[in-house]
Every structure is written in structure tokens, then in C-alpha cells.
Amino acid sequence: MKKYLKITGIVIGIIIIVVLIVVVLFPAFPTYIKVKKNCPHINDVMGVYTDDDISVPKDFVQAEIKGLLISAPDGTRNIKSDMIPFKDGKDFMVMVSQSELSDYNFYNDEITEYSKQEYWHFYEKFGGIPKSSVDDIKFLRNMNLKDCLKLRGTDIKIFEELAEAKESVSVVESVSIYERENISGILCDVDSVGKTKEYMNLMFNYGGYEYIVTVIGEDSETVKQVISSVTPIS
């Protein structure tokens with residue numbers, strides 16, 4: 001019995017030493033385990049949009065909005081608003097947002113307990129701070145669990161915060177890389193509006209501006225056709 005207890009004590013001691021070594025070398029290991037359990041989408045990465053060859057119907061109406069050419073079904077043009085240039089009751093809508101890239105700020109002190117300098121330090125571990133919403137989303141959606149292990153201090157807490165944010169958005173929308181002609185950005189396919197409507201956000205940077213083109217409609221093919229029509233004016 002004494003020999004058994006001695007062996008058991010040695011095994012437990014070895015386990016404790018191993019755990020202590022792991023914690024010292026990888027202080028983020030407890031967060032690694034927590035995120036792995038609570039955030040099943042943490043290792044998801046963005047795919048590539050594959051419907052970029054969809055053509056725009058000839059009977060679509062084209063309009064110039066905020067430096068973009070956009071086409072949509074005949075009869076939906078809304079000349080009263082550049083923000084909502086196309087609209088058909090509650091069934092179809094196109095919205096366009098334009099903001100200057102120079103105005104982008106990756107930090108919002110109203111939604112986080114960490115300082116701008118702490119976020120700056122975190123992002124420097126991964127090549128620098130995001131310069132636009134597109135960069136920010138790309139980083140978040142491609143962040144993976146192994147990234148956590150090389151972090152220390154507040155960087156670990158920020159990683160956990162972002163991992164939880166990634167989990168929250170992953171269950172309501174899918175994001176793909178979008179490359180078409182002069183557009184290099186991302187396409188967000190929102191699932192939260194239910195099966196009765198398609199909801200897509202095309203986000204890209206062009207000419208010093210950040211654009212978001214939102215298309216909502218009941219017909220998936222029509223929504224994708226409108227997305228395909230978006231062209232920056234050179």
C-alpha cells in the first residue's frame with residue numbers, strides 16, 4: 001500500500017510540475033482551453049465567393065450612386081434617396097453607405113474595458129492595426145485558436161474578447177472573400193432575417209472610401225445579380 005501511495009504521489013507530482021511548466025511557458029493555456037470549449041467557430045476561416053460569374057440582366061436599370069454604378073430590377077429606382085437608391089415595398093431594397101477611409105478608427109472606448117494602447121499592442125502581434133472595417137473583419141474571421149498561445153498579459157484577455165465576438169457573428173452570418181473586376185473586399189451573407197429573405201452586405205475599399213452595399217430581397221438570384229452589378233466609377 002505504501003509503495004502504491006508513493007507511486008501515486010510521484011505521478012501526481014509529475015502532473016503538477018508539467019502543468020506548472022505549461023502555465024509558465026504558455027500563460028494563455030487556460031484561455032486556450034476556455035475558448036476551445038465555448039467558441040466552436042474559433043477556427044473557422046473565410047471562404048471565397050463562388051457566384052462571381054453571375055451576369056446582370058439586360059432589363060435591369062442602372063444608376064450612379066456615390067461613385068458606384070449599380071443595377072437593379074426595372075421599377076425599383078428610388079430617386080428620393082441615394083442612401084436607398086432602389087426599393088420595392090418591403091420585399092426589395094438596396095442601401096449604399098460611403099465613408100472616408102481616413103475616418104476609420106479601430107478602437108471604440110464605449111464597448112471595451114481596454115485602452116487604445118492595449119489594443120494597439122495586441123494587433124502589433126499580428127502585423128499591425130486594421131486600417132478599415134474590411135481589414136478588421138478579415139482579421140477576426142481568420143483568427144484561430146493557436147494564435148492565443150503566443151500571447152501574454154492583457155493580449156490574452158483581448159483575444160478572448162475577440163473570440164467571443166467571432167462566435168457571436170459566426171452564428172448569424174457567413175463571410176467570403178469577394179474579388180470582381182475593380183472590387184476587392186468581402187461579402188457577408190446574413191442569416192438572421194430568416195429563410196424568407198436574402199440579406200447580403202458587400203464591403204470594399206476604393207478611391208479612399210469604404211463602401212457597404214446592402215441588398216435585401218426575397219429572390220436569391222436577384223440579390224446576387226445586383227451584387228454583381230456593383231462597379232466603381234474609375
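Helices H2 and H5 are roughly parallel to each other, and are therefore described together here; angles under 35 degrees count as roughly parallel, over 145 as roughly antiparallel, 65 to 115 as roughly perpendicular and the rest as oblique. The two helices pack at an angle of about 5°, with their axes 11 Å apart. The contact is formed by Thr 31, Lys 34, Val 35 and Asn 38 on H2, and by Ile 156, Phe 159, Glu 160, Ala 163 and Glu 167 on H5. Contact means heavy atoms within 4.5 Å. Axes are lines fitted to C-alpha atoms, for helices over the stretch in contact, and angles run from 0 to 180 degrees between N-to-C directions.

The structure is a predicted model, in which local features need pLDDT of at least 70 and side-chain atom pairs count only at pLDDT 80 or more, while totals for chains, interfaces and linings use all residues. Residues are numbered from 1 along each chain as its sequence is written, and side-chain values use heavy atoms, with hydrogens and water left out.

The chain contains six helices and ten strands. Helices (H or I, at least four residues) and strands (E, at least two) are DSSP runs, numbered from the N terminus. Of the 234 residues in the chain, 38% are buried, where buried means under 20% relative accessible area, exposed over 50%, and partly exposed in between (1.4 Å probe, protein chains only). Among contacts in the chain with a separation of 6 or more, 58% involve residues 24 or more positions apart.

In H2 (residues 29-38), the buried residues are Thr 31, Tyr 32 and Val 35. They lie on the same side of H2, because they cover an arc of only 105° around the axis; the arc is that of the directions from the helix axis to the C-beta atoms. Helix H5 (154-170) is the element against which the buried residues of H2 pack. Lys 36 and Lys 37, on the other side of H2, are exposed.

Helix H6 (residues 220-229) is mostly covered, with eight of its ten residues buried. The buried positions of H6 are Thr 222, Val 223, Lys 224, Gln 225, Val 226, Ile 227, Ser 228 and Ser 229.

Three strands form an open sheet in the order E2-E3-E10, with antiparallel pairing. Strand E2 (61-65) and strand E10 (231-232) stand at the edges with a single partner strand each, so one side of each has no neighbour in the sheet. Strand E3 (residues 68-72) and E10 run antiparallel and are joined by two bridges; two strands pair if DSSP finds at least two bridges between them. Leu 69 stands opposite Thr 231 in E10. H6 packs on this sheet, where it touches E3 and E10, and the direction of H6 makes about 155° with that of E3.

Ile 65 is located in strand E2 and is buried, at a relative accessible area of 0%. Not counting residues up to four places away in sequence, Ile 65 touches Ile 70, Asp 82, Pro 85, Phe 86 and Val 96. Of these, Pro 85 is 20 residues from Ile 65 in sequence, with a C-alpha to C-alpha distance of 7.4 Å.

Further antiparallel pairing involves strands E7, E8 and E9. Strand E7 (residues 183-190) is joined to strand E8 (residues 198-206) by six bridges, and the two run antiparallel. Leu 187 stands opposite Leu 202 in E8. E8 also pairs in the antiparallel sense with strand E9 (residues 209-217), over nine bridges. Gly 217 in E9 is the bridge partner of Glu 198. E8 and E9 form a hairpin with two residues between them, and Gly 207 in the turn has a positive phi of about 60°.

Ser 176 lies in strand E6 (residues 173-180) and counts as buried, at 18% relative accessibility. Leaving aside neighbours within four places in sequence, Ser 176 is in contact with Gly 47, Val 48, Tyr 49, Gly 185, Ile 186 and Leu 187.

Cys 39 counts as buried at 3% relative accessibility, and Cys 188 is buried with a relative accessible area of 3%. Zero disulfides (pairs of cysteine sulfur atoms within 2.5 Å) are found in a search of the whole structure.
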